[in-house]
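Welcome! Let us walk through a protein structure together, one step at a time.

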Amino acid sequence: MEQHPTLRQIPVVVLAGFLGSGKTTLLNHLLHRSGGSRIGAIVNDFGAIEIDAMAVAGALGDSTVSLGNGCLCCAVDAGELDVYLERLAGPATGVDVIVIEASGLAEPQELVRMLLASEHPGIVYGGLVEVVDAAEFDGTRAKHPEIDRHLALADLVVVNKLDRAAEGAERVLGLVRSLSDRGAAVVPATYGRIDPGFLFDCRPGEERIGQLSFDDLHDRHDDGTHEGHLHTAYDSLSFAAALPLDPRRLMAFLDSRPEGLYRIKGYVDLGPYDTANRYAVHAVGRFLRFYPEAWGNEEERLTQLVLIGSGIDTAALRKELEACTNDAPHADEHGMWGVLRYVQGPAEDPDDGAQGLAEGPDDGYGA
């Protein structure tokens, strides 16, 4: 079978939160801690003077698109959003991740729907990050009860400005966790300092020889103590298996993934269920996609996964993944149905690809 290169898809992260919660501070932190990755941004201010856009434009240069005088969720439709994404997702930009910083008055659900409706083949949904001001949380909820709905939709919640919440910090964290009914990862922060590894893969700086990275610029003006700036670390698990995984057991694991497990990435070998392909896995929050890729002629057939979250039990997750392995020599006729629900692409002949690829769920936002 002729092998075709897999289309590289750039994750698009929606960064939302009420006015003054610290979204721009968090975005600037990511720029300075990108690990060599190049970040493109769509910055949407509410108002004619685009203060937030100016705050990040110096670092981003040509990799920013600013939209003033209105909320992105109201100002454009999915087709228009694709135009902006095209400017950032083209191969010439070298962008590794795109962040949409919504205005403080935007409706996150509409932004997520637009991304999931996007027809741009070069992007993939990267999650909804909701930023909360811990010090003002009670007052904000009282005036704007829709905040509860936004938290319920989030894949990752950053509880920012905890240093200003004083003795109420733990109470606010507990309340936010109770409102995040999708099992979102909830991470505490001050000054928007979270580990970029939650959101995207950080490239080693040496991969960009000859290009001065944002990290280089930042470190030249640091006091040498920046390693301690990250307020909270994430938990991660690397899993590898020589035996293929059983697709039914794998889907049972994915359907029951615990609260706080934010990202799953890597490749799975499904053995006799598809001998021609491995399956790239992309999961963020409850969003899930599989991408079949042809095995190389000399490629070792392994399952290799990385799981990232906050407060997850890595030992228990490893045991659950080990229980997904399968040494049966034959495939169950209907065993792949669960996996194929989350594969995007046209149907193919089972002997020439991915065994009848199926569309995922209509909204693409659940497992």
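Predicted model: local features only at pLDDT ≥ 70, side-chain atom pairs only at ≥ 80, totals over all residues.

Now for the overall picture. The protein has 12 helices and 12 strands; both are DSSP runs numbered from the N terminus, helices being H or I with at least four residues and strands being E with at least two. Of its 367 residues, 53% count as buried, where buried means under 20% relative accessible area, exposed means over 50%, and partly exposed lies in between (1.4 Å probe, protein chains only).

Let us turn to a sheet. Five strands form an open sheet in the order β8-β12-β9-β10-β11, with antiparallel pairing; two strands pair if DSSP finds at least two bridges between them. At the edges are β8 (235-241) and β11 (287-294), each of which pairs on one side only. From one strand to the next, the twist averages 10 degrees. Angles run from 0 to 180 degrees between N-to-C directions, and the axes are lines fitted to C-alpha atoms, for helices over the stretch in contact.

With β9, β12 pairs in the antiparallel sense over 6 bridges. β12 is also mostly covered, since 5 of its 7 residues are buried.

Helices join the sheet too. Helix α10 (residues 247-255) packs on it, touching β9 (261-268), β11 and β12; contact means heavy atoms within 4.5 Å. The direction of α10 makes about 150 degrees with that of β11. Helix α11 (residues 314-322) lies across β8 and β12 and runs at about 25 degrees to β8.

Finally, look at a single residue. Thr140 lies in helix α6 (residues 137-143). Is Thr140 buried or exposed? Thr140 counts as buried because its relative accessible area is 15%. Not counting residues up to four places away in sequence, Thr140 touches Phe18 and Ile147.

Notes
Residues numbered from 1 in each chain as written. Heavy atoms only, no water.
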